[in-house]
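Hi,

Here is the structure I promised to pass on. My notes follow below it.

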Amino acid sequence: MAGSRSQKSINNAIVSVASAMVIFLLNFVRRTVFIRILTREYLGMSGLFSNILSFLALAELGVGHAMNYALYRPLRENDTEKLKSLMTLYRKMYTAIGVVILVIGLSLTPFLHLLIKEMPESIPEIRLYYMIYVLRSAIS
């Protein structure tokens with residue numbers, strides 16, 4: 001393999017910073033377009049739903065980091081049987097996490113009026129939009 005570990009680390013850091021900047025820029029553009037095409041109510045609703053689902057994403061509880069740690073040795077040693085069993089376990093865990101997010105997220109639907117100070121009349125389908133957000137989050 002060409003390159004030293006420190007050079008690879010520097011390259012990794014540069015790519016990480018560049019990707020963070022691109023994500024920041026795209027989010028800024030998205031929000032700007034969102035405000036200009038839709039209304040501020042839609043942007044606020046999107047932010048609220050994103051915050052609720054970020055909270056529900058705590059159900060993941062670091063499984064992704066644990067998965068990276070557990071996969072390191074089998075990948076290094078090319079242990080395909082261990083990799084298969086770990087990936088099966090992670091698929092089951094993420095399916096369970098998705099179901100938990102879906103159930104809890106959808107169970108909050110009747111209480112949206114408690115989370116939103118003034119229900120915007122310009123968004124009559126707000127509960128439907130929320131359920132779509134929950135479904136998208138649970139599937140991913």
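**The largest pocket**

The largest pocket is lined by A57, E60, Y94, I97, G98, I101, S137, A138, I139 and S140. A pocket here, on a 1 Å grid over the protein atoms alone, is an open set of points with protein on both sides within 12 Å along at least five of seven lines, and a lining residue has an atom within 4 Å of a point. This is a predicted model, so local features need pLDDT of at least 70 and side-chain atom pairs count only at pLDDT 80 or more, while totals for chains, interfaces and linings use all residues. Residues are numbered from 1 along each chain as its sequence is written, and side-chain values use heavy atoms, with hydrogens and water left out.

The space in that pocket comes to about 180 Å³, taking volume as the space filled by probe spheres set on the points, with grid points joined across faces, edges and corners. Two elements, α4 and α6 (126-139), each give two or more residues to the lining, and α4 gives the most, with four. Helices here are DSSP runs (H or I, at least four residues), numbered from the N terminus. Sorted by class, the lining has six nonpolar, three polar and one charged residues. For those classes, Ala, Val, Leu, Ile, Met, Phe, Trp, Tyr, Cys and Pro are nonpolar, Asp, Glu, Lys and Arg are charged, and the others, Gly among them, are polar.

S137 is buried at a relative accessible area of 19% (buried is under 20%, exposed over 50%, partly exposed in between, with a 1.4 Å probe and protein chains only). Setting aside neighbours within four places in sequence, S137 touches L53 and I101; contact means heavy atoms within 4.5 Å.

**α3 against α4**

How do α3 and α4 pack, and at what angle? Helix α3 (residues 63-76) and helix α4 (residues 80-107) meet at about 170°, with axes 10 Å apart. The axes are lines fitted to C-alpha atoms over the stretch in contact, and angles run from 0 to 180 degrees between N-to-C directions. On the α3 side the contact is made by V63, G64, A66, M67, A70, L71, P74 and L75, and on the α4 side by K82, L83, L86, M87, Y90, M93, Y94 and I97. By class, these residues are 14 nonpolar, one polar and one charged.

N78 is in the loop between α3 and α4 and is exposed, at 59% relative accessible area. Its phi is near 55°, a positive value in a residue other than glycine. For background, most residues other than glycine have a negative phi.

N51, in helix α2 (residues 40-56), counts as exposed at 54%. Its C-alpha is 13 Å from that of I101, 50 residues apart in sequence.

N12, in helix α1 (residues 5-37), also counts as exposed, at 51%. N12 and V63 are 51 residues apart in sequence and 23 Å apart in space, C-alpha to C-alpha.

Cheers

Notes. 1 Å grid on protein atoms, 1.4 Å probe; cavity = no way out; pocket = protein on both sides within 12 Å on 5 of 7 lines; lining within 4 Å.
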